[in-house]
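Hi,

Here is the structure I promised to pass on to you.

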Amino acid sequence: MDLRLPSTVCFRVTRYCNARCGFCLAPPDGAHPAADLLKQRLDWLAAQGVHTIHFCGGEPTIHPALPELLGHAQARHCAVRLTTNGIVLPDPLLSALRTTQAQVKLSLHGDRAHHDTIVGRPAFDLATRHLRELLAAGVSAHVQTTVVAGAEWVLDWVADYCLAQGVRRLSILPFIPRGSGYRTQTEYGLTAAQRIHLRERVRRKRHALQGRLDVRWLDFASQPLHVIEADGRVVLERASEAMDTVLGVIPGSTLERKRVAVRAVATPG
Ligand SMILES: C[S@@+](CC[C@H](N)C(=O)[O-])C[C@H]1O[C@@H](n2cnc3c(N)ncnc32)[C@H](O)[C@@H]1O
Ligand code: SF4
């Protein structure tokens, strides 16, 4: 397969999760590939010239092989990043994050009441404890916050929180109507005016906190993202699933094997 990939890709190690965010752009779909298959995909990506593997999901930390996969990517000369809800941080993972010099983004959506409501379970205390552990271990850890309609106040809260904890970067993600978010857009969706207003507030916050906190606006709707899906598809993801482009399937994936089998049955002789 001849695919032009960018230097950084989002690598979904699983589509399972230990949370249930009402807006999840990549909700559980049953794909939880084995470690060996994921390693083969990493080999293939490195051979295609990908330099940075951004581990995500689903929730990547619930894949038992994640520490091994981080090391595998590093052995293929790839830089590693991880986005996590921070609910679990087992010791082997913390140690792998240190040794691979991973950059971690931990999703924190507001104060305890708001975060737990968004995530669908008690998660705030775990996420904030694990953020402190990452920082104390010297791991480069940033905060990422999805902002939904009616909760624009979280910008001030989370910026203050980052300053108090010594976090150096905060990414603000306006809600987009993908995945579960397609269903919940009437509740969470930002109007065009709210989006513009929020963006302007982020710009002002960035300016006000320059040198102390790197505040960024990260809008998945305006930046198509190359995603390696847990089922092996290579997808260019946009604001909604209807706008996505499936670019291909990684060689050796179960999906590809199934397609080959179907083709073989469909074209006998
Ligand atoms: C899909 S999650 C996967 C990684 C991990 N489970 C987590 O929540 O951090 C990656 C990021 O996308 C954000 N996100 C999920 N659904 C979203 C949506 N509909 N709009 C904007 N951001 C969203 C999450 O808050 C998280 O920061
Ligand atoms: S946004 Fe992340 S933590 Fe929330 S349900 Fe989706 S994968 Fe899980």
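Does Ala-141 count as buried or exposed? Please keep in mind that this is a predicted model. Ala-141 has 27 C-beta neighbours inside 10 Å, and the cut-off for a buried residue is 20 or more, so Ala-141 counts as buried.

The residue belongs to strand β5, which covers residues 140–147. Leaving aside residues up to four places away in sequence, Ala-141 is in touch with Val-104, Leu-106, Leu-131, Leu-134, Leu-135 and Val-167. As for Ala-79, it sits 62 residues from Ala-141 along the chain, and the C-alpha atoms of the two are 15 Å apart.

Next, the helix pair. Helix α1 (residues 35–47) packs with helix α2 (residues 66–75) at an angle of about 20 degrees, and 10 Å separates their axes. Because of that angle, α1 is roughly parallel to α2. Their crossing is right-handed. On the α1 side, Ala-35, Leu-38, Lys-39 and Leu-42 make the contact, while α2 brings in Glu-68, Leu-69, His-72 and Ala-73. Sorted by class, this contact of α1 with α2 comprises five nonpolar, one polar and two charged residues.

Finally, have a look at ligand 2. Around ligand 2 you will find Cys-17, Ala-19, Arg-20, Cys-21, Cys-24, Ala-26, Gly-57, Gly-58, Glu-59 and Asn-85. The classes in this shell are five nonpolar, three polar and two charged residues.

Methods:
Residues numbered from 1 in each chain as written. Chains lettered and ligands numbered in written order. Predicted model: local features only at pLDDT ≥ 70, side-chain atom pairs only at ≥ 80, totals over all residues. Near = placed C-beta within 6 Å. Nonpolar A, V, L, I, M, F, W, Y, C, P; charged D, E, K, R; others polar. Helix = DSSP H or I, 4+ residues; strand = E, 2+ residues; numbered from the N terminus. Buried ≥ 20, exposed ≤ 12 C-beta atoms within 10 Å, placed from the backbone. Contact = placed C-beta atoms within 7 Å. Axes fitted to C-alpha atoms, helices over the stretch in contact; angles between N-to-C directions. Parallel < 35°, antiparallel > 145°, perpendicular 65-115°, else oblique. Left-handed = near helix turned anticlockwise from the far one by under 90°.
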